[in-house]
Amino acid sequence: MPRLLAFLVIGLVIGAGVAYAYMSSVMSTAYADLNTTINNLNSKISQLQDQINRLNQTLEYSIGVTLPLTGALTDVGVQWRTVVEMAFEDLNKEMQKYKMRVKFTPIIQDDKTTDTQALANVQTFHQAGIKVIIGPAASFQVKAIKSYVDDNKIVVLSPSSTAPTLAIPDDYIYRTVGSDAGQAKALAALVKSQGINKVIVFHRDDEYGVAFEDFFEREFSALGGTSIGMKYDVTREDFASEVAQLSARTRQEGVEGIVIITFDTDGVNILSHARKDSYLASLRWFSSEGIHGAMGLLGEDIATFIQKTNLLGTRPLFRENPLLHAFASQYRDKTGIDPPVFSANLYDAVMLAGWAVVRAGVYEGEAIRSALDEVAKNYYGVSGLTMFDENGDKLFQDYSVWTVKLVSGEYRYVDVGSYSGGVITLEE
Amino acid sequence: MTTELINTVWYACIYGLMAVPLTLSYRTSRVLNFAHGVYVTIGAYIPVLIAKGFGIKVSPILAVSASFMTGAIIAMASHAFVFSPLIKKKSTPVTLMIASMGLWIFIKYAFYAVLGTLQKAWMTPIFYTSPNLEIPILISFMGMDIDAKLLLIISLTSATFSLLAFFLTKTKVGMAIRAIADNPELAQITGISRDKTLLVTWAISGGVAAIGGFAWSLFAYVSPETGDNVILQVFACSVIGGLISLPITFVGSVIISSTENLLIVFLHRYLGVELSFRPFLSFFVLLLTILIRPPAGAGGGLPYRYRLRSIFRVFQREVKKNV
């Protein structure tokens, strides 16, 4: 009996030990599983928390802006800076209005109206991780940055580069303005409509001037006119000698009018010398958009010359757009002057860039480029319908006819007509 | 050809007013001053700022005086705060030249900032403009209508150079400046304070360069880049003057001006050379000058007048020998 009891006790002890060992192994597996589950839940909670935080946070995107604040385009460049500030302010207000927690910040750099500085700015933006850039202004600058932005997939929206030679499909360059192929047609029609059959085109010796002159000559010849090109070196500060040669050439060729393809500072300088030449003052003068907005044209001496020679110019603008009038009035309130040329295109470039980033969802060049095409198709801005053509240039571009006139005792830029469907319509 | 001749006169006067003070400052201080262009720009802008700021038409006398004073003050400050400390530390000419480049960029962008602020405050464009001056367009003289600004620039150039010649040759300070320029060590032994003399030289150089800027504003529009855009031509004129001789620097201005306005037109009309070759011609003249007759000052040699004297002495010796 005692032996049986002893066996029973030993059996119980062994059984309890085995049972404990078994139970503890089962329990530890269960405990480990529970721990894993708790950890997983914790990590999911923290992910959700991150997402909630992110949704509550405002995402900040920087957009690079390269403007000609100094150099040949300084006069309008400084005015464009105000347009950029207005556009970013309005873009951020729109984001708030639609409850989007996104904020855009402009990083404005001066490109000195040079190609080298424009490229340096773009490289700086790239190093800072910026994928969308507004500007540069001039075609020769856009040409200089083209391969760099294409290689690095940076979306560029130039509001004022118009050279037809830069109308290239499938690149990263977009232009919120029509190419000069269209404006050359409008200007040729304007000159012809004034009964002028033979002109000298006095133009910049750069990407913009040479291409414009080439297209103008084609269009003007097609209308039965004769156009003679005369280029000038753009690196000079003063063009007195070139104007003297222009005077000699106009007499020699017996032309009836002069077409100038200039930027603002060179254009003002040319007119300031031309006004002293009685023969040049006896001819009709025409201009592209390049000089529009230059304050020098509103001074008494040059404005008088403009009136005497009945200078008319073309510029890309959809005049009948009510949004444009509201924008112009807002700009006037801020600065006391009318918005210069390409202001509408610049304003829309900022808007399109912002909405393309939002639509893309990721801050990557390729995605933004795809989104930009889509956004532009559905966006109606200060410059009208913003849709791009296959080259990334504004598809629907209207042109207005401008001059300088005395309005309420002061000289101002005034739009006096428009170009549509090959026909120039001038107001009385 | 009349227009080209008139342009030549304009440019000769403008380049002369800008280049002669550059030569004066170099030959006295041995600083090849790249900030010279900003004195020109500021001088060009002073009448613009007076006219826009006060809403008045500025008389030419006020414009010239204000431009001179401002240019002189900025040049004196350049000397006092930058060049003088470096000269005292016995810095090399290369260091001084690099310092002048830094000064040039600093003043230029500070000036841009000032103009930007003023444009915003006054709500009036000032980045590419011209001064509102009290000058008639034409003046009738013996039945002929003459451009009043052309007459003014000729008078201004003649008056400035006559006063400068009088100051340098007839006054004590002027003679001290020439003494320092010719032999600084000897001049200092005779009791001339080099630092004070240099300060006066900088004042005159900056002031006259600023008058050059005002002269430019009579001819064409001014921008914050005005001085920079003409500085290479101005250096060319000074190099022709050997960076030493003031009269030959003015001759250099006439040469560069004629090259840019007459020679290029001649080549354009008769040989079909493009007008854009104009800078090429100016700098071809500059290169020729450097190769044929290197600037005495830059090469560390003697001023032209000493060269001529030594040639004259050799000639006298030869004559004596033969006699």
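Q: Why are α5(B) and α6(B) called roughly perpendicular to each other in this predicted model?
A: The axes of α5 (residues 148-170) and α6 (residues 172-182) of chain B cross at roughly 80°. Angles of 65 to 115 degrees count as roughly perpendicular, and α5(B) and α6(B) are therefore described that way.

Q: What makes the contact between α5(B) and α6(B)?
A: The axes of the two helices come within 5 Å. From α5(B), the contact involves Phe167(B), Leu168(B), Thr169(B) and Lys170(B). From α6(B), the residues include Val173(B), Met175(B), Ile177(B) and Arg178(B). By class, this contact has 5 nonpolar, 2 polar and 3 charged residues.

Q: How do you know that the radius of gyration of chain B agrees with that of a compact globule?
A: For 323 residues, a compact globule would have a radius of gyration near 20 Å, and chain B has 21 Å, so the value agrees. The C-alpha trace of chain B spans about 70 × 50 × 40 Å along its principal axes. Of the residues of chain B, 50% count as buried, that is, they have under 20% relative accessible area.

Q: Which residues have the most contacts inside the largest nonpolar core?
A: They are Ile14(B), Tyr39(B), Ile153(B), Leu164(B) and Trp216(B), in a core of 79 residues. Leaving aside neighbours within four places in sequence, Tyr39(B) is in contact with residues including Ile74(B), Leu103(B), Trp202(B) and Ala209(B).

Q: Where is a second, separate core, and how many residues has it?
A: This core has 77 residues, among them Val84(A), Phe140(A), Val382(A) and Val401(A).

Q: Why is Ser408(A) called exposed?
A: Exposed means over 50% relative accessible area. Ser408(A) has 75% relative accessibility, so Ser408(A) counts as exposed. Ser408(A) lies in the loop between β13 (399-407) and β14 (410-420) of chain A. Phi of Ser408(A) is near 50°, a positive value in a residue other than glycine.

Q: Why is Asn310(A) called partly exposed?
A: The relative accessible area of Asn310(A) is 35%. Asn310(A) is in the loop between α10 (300-308) and β10 (312-316) of chain A. Although Asn310(A) is not a glycine, its phi is positive, about 50°.

Q: What is the omega of the peptide bond that joins Gly135(A) and Pro136(A)?
A: Omega is about 0°, and the bond is cis. Pro136(A) lies in the loop between β3 (132-134) and α4 (139-152) of chain A.

Methods. Residues are numbered from 1 along each chain as its sequence is written. Chains are lettered from A and ligands numbered from 1 in the order in which they are written. This is a predicted model: local features need pLDDT of at least 70, side-chain atom pairs count only at pLDDT 80 or more; totals for chains, interfaces and linings use all residues. Side-chain values use heavy atoms; hydrogens and water are left out. A nonpolar core is a set of buried Ala, Val, Leu, Ile, Met, Phe, Trp, Tyr and Cys residues joined through side-chain atoms within 4.5 Å. Buried means under 20% relative accessible area, exposed over 50%, partly exposed in between (1.4 Å probe, protein chains only). Contact means heavy atoms within 4.5 Å. Axes are lines fitted to C-alpha atoms, for helices over the stretch in contact, and angles run from 0 to 180 degrees between N-to-C directions. Helices (H or I, at least four residues) and strands (E, at least two) are DSSP runs, numbered from the N terminus. Angles under 35 degrees count as roughly parallel, over 145 as roughly antiparallel, 65 to 115 as roughly perpendicular and the rest as oblique. Ala, Val, Leu, Ile, Met, Phe, Trp, Tyr, Cys and Pro count as nonpolar, Asp, Glu, Lys and Arg as charged, and the others, Gly among them, as polar. The radius of gyration is taken over C-alpha atoms; the globule rule is 2.2 Å times the number of residues to the power 0.38.
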